[in-house]
Amino acid sequence: MSADAVKKIIDPFLTHGICKDEAEALKMLAKDYVRRQVSKYHERVEHFRSFYQMSVEDFAKQVAALCQGTETIPVLSHLNKQQQILQAEDDLEEWQAAEQFLARWQAVEADLPNAPAA
């Protein structure tokens with residue numbers, strides 16, 4: 001993105017007195033975006049935790065046991081075995097990705113207060 005494009009995005013915040021300078025506007029926008037990303041991935045992780053009533057690590061073990069035929073996943077019992085495996089593997093992949101993105105966005109969130117404002 002060019003400096004002109006960034007200036008066009010930031011100018012309204014300065015013109016209307018919301019921010020005192022470009023650095024404050026950028027930091028405000030960054031913090032807001034990061035907060036929304038953290039919230040998005042936190043909600044996704046919590047959905048899986050609540051649905052499966054366990055941690056992602058425990059779920060990964062259950063999926064492995066399901067694939068080996070030694071265990072079932074109670075909340076997926078309405079599906080046949082092949083459908084259970086496909087659903088569980090898809091959910092595990094999505095859940096693990098959500099956990100990774102949540103951790104990354106939380107790290108960015110933790111680093112943002114340290115970013116210089118000017």
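Biologist: How many aromatic pairs does a search of the whole structure find?

Modeller: Rings of Phe, Tyr and Trp (its six-membered ring) pair if their centres lie within 6.5 Å; planes under 30 degrees apart count as stacked, over 60 as edge-to-face and the rest as tilted. The search finds seven such pairs. In one of them, the centres of the Phe48 and Trp95 rings are 5.6 Å apart and the planes stand at 20°, so this pair is stacked. Phe48 belongs to helix H2 (residues 22–52) and Trp95 to helix H4 (residues 81–111), so the pair ties together parts 47 residues apart in sequence. Helices here are DSSP runs (H or I, at least four residues), numbered from the N terminus.

This is a predicted model: local features need pLDDT of at least 70, side-chain atom pairs count only at pLDDT 80 or more, and totals for chains, interfaces and linings use all residues. Residues are numbered from 1 along each chain as its sequence is written, and side-chain values use heavy atoms, with hydrogens and water left out.

Biologist: Is Phe48 buried or exposed?

Modeller: Buried means under 20% relative accessible area, exposed over 50%, and partly exposed in between (1.4 Å probe, protein chains only). Phe48 has 1% and is buried; Trp95, with 0%, is buried too.

Biologist: What kind of aromatic pair do Tyr52 and Phe59 form?

Modeller: A tilted one, with 4.1 Å from centre to centre and 35° between the planes. Tyr52 is buried at 4%, and Phe59 is buried at 0%. Ring pairs link Phe48, Phe51, Tyr52, Phe59 and Trp95 into a cluster.

Biologist: Which residues have the most contacts inside the largest nonpolar core?

Modeller: In soluble globular proteins, nonpolar side chains tend to be buried together. A nonpolar core is a set of buried Ala, Val, Leu, Ile, Met, Phe, Trp, Tyr and Cys residues joined through side-chain atoms within 4.5 Å. The largest one has 20 residues, and those with the most contacts inside it are Tyr52, Phe59, Val63, Ile73, Ala88 and Trp95. H2, helix H3 (56–68) and H4 are the elements that give two or more residues to this core.

Biologist: What is Ile73 in contact with, leaving aside its neighbours within four places in sequence?

Modeller: Contact means heavy atoms within 4.5 Å. The partners of Ile73 beyond those neighbours are Tyr52, Phe59, Gln62, Val63, Leu66, Gln84 and Ala88.
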